[in-house]
Amino acid sequence: MQYNNIRLYPFDTDENDPEELALNETIRNIIPFAVVGSERNVIIDGKPVRGRKNKWGVINVEDETHCEFVHLRNFLTRTHLQDLIETTAQIHYEAFRSKQLLALKDASARPAQGSA
């Protein structure tokens, strides 16, 4: 990834305090996340938990020793949600908006060139 200059989120900035830098490093060390999802509850030790049954047993989605869903959920919705919202608005939406405006400009310029 370094060879191709691919930066991994979360990005460290000068605004981050040492606690945020440590959290970001912890998150980067987990990447790629090994995530198992499920919409069903299964019974484990008499308790219903969100999980998935397979021929080897049951994968408990909420158990950090089974998968890293909890880490991903906490990362996206608890510790970095505001940054995700701002990144989406500032970078991704603005890139989309610029493309749309350029396409609109190109489309409006074509008929004018044809009638001249």
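1. Helices here are DSSP runs of H or I with at least four residues, strands are runs of E with at least two, and both are numbered from the N terminus. Helix 3 spans residues 81-114 and holds both Y93 and F96, which sit 3 residues apart, about one turn of the helix.

2. A word on the model: it is predicted, so local features need pLDDT of at least 70 and side-chain atom pairs count only at pLDDT 80 or more, while totals for chains, interfaces and linings use all residues. Residues are numbered from 1 along each chain as its sequence is written, and side-chain values use heavy atoms, with hydrogens and water left out.

3. Searching the whole structure gives 2 aromatic pairs. In one of them, the ring centres of Y93 and F96 are 6.4 Å apart and the planes meet at 40°, so this pair is tilted. (Rings of Phe, Tyr and Trp, the last by its six-membered ring, pair if their centres lie within 6.5 Å; planes under 30 degrees apart are stacked, over 60 edge-to-face, and the rest tilted.)

4. Now to the strands, which pair if DSSP finds at least two bridges between them. Strand 1 (residues 41-44) runs antiparallel to strand 2 (residues 47-54) over 4 bridges; I44 has K47 in strand 2 as its bridge partner. Their hairpin has 2 residues between the strands, and D45 there takes a positive phi near 55°.

5. Strand 2 is also joined to strand 3 (residues 57-60) by 4 bridges, again antiparallel. R52 is bridged to I59 in strand 3, and this hairpin has 2 residues between its strands.
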